[in-house]
Amino acid sequence: MQDANGWRCPDGSFFPSEPTPAVRMRGLDLSGHEQAALKYLEAHRPDLCEALYAERVAAGHETWEDTDGTHLIKNFMTRHGFQHISEPL
């Protein structure tokens, strides 16, 4: 998959993400992969979305933006069989 940024799902399907800007302020917004993961889980996997929310709360993060830089979302996705795909554009 050329110029692909997104996630490969456990079933082999793929959903895209926007590349994270090279310059940004940490804690104000999530990376492109994290934003895409949250949107996907909300729309397609509410069970995993609830589990991720519970993990965020247990870790003491009040908002999703508070998780920026912690890899909480990326690690969660990986543990549940999703593969982080990041190819330069």
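Buried denotes under 20% relative accessible area with a 1.4 Å probe, protein chains only, and contact denotes heavy atoms within 4.5 Å. The model is predicted: local features need pLDDT of at least 70, side-chain atom pairs count only at pLDDT 80 or more, and totals for chains, interfaces and linings use all residues. Residues are numbered from 1 along each chain as its sequence is written, and side-chain values use heavy atoms, with hydrogens and water left out.

The buried residues of helix 1 are Gly32, His33, Glu34, Ala36, Ala37, Leu38, Tyr40 and Leu41. This helix comprises 13 residues, 32–44, and at 1.5 Å a residue it should span 18 Å; its end C-alpha atoms lie 18 Å apart, in agreement. The expected span is 1.5 Å times one less than the number of residues.

Along the sequence, the chain follows the pattern β-β-α-α-α-β; helices (H or I, at least four residues) and strands (E, at least two) are DSSP runs, numbered from the N terminus. The radius of gyration of the chain is 13 Å, close to the 12 Å from the globule rule for 89 residues, so the chain is as compact as a globular protein of that length. That radius is taken over C-alpha atoms, and the rule is 2.2 Å times the number of residues to the power 0.38. Of the 89 residues, 35% count as buried. Among contacts with a separation of 6 or more, 58% come from residues 24 or more positions apart.

How values were computed:
Buried < 20%, exposed > 50% of the residue type's maximum accessible area, 1.4 Å probe, protein only.
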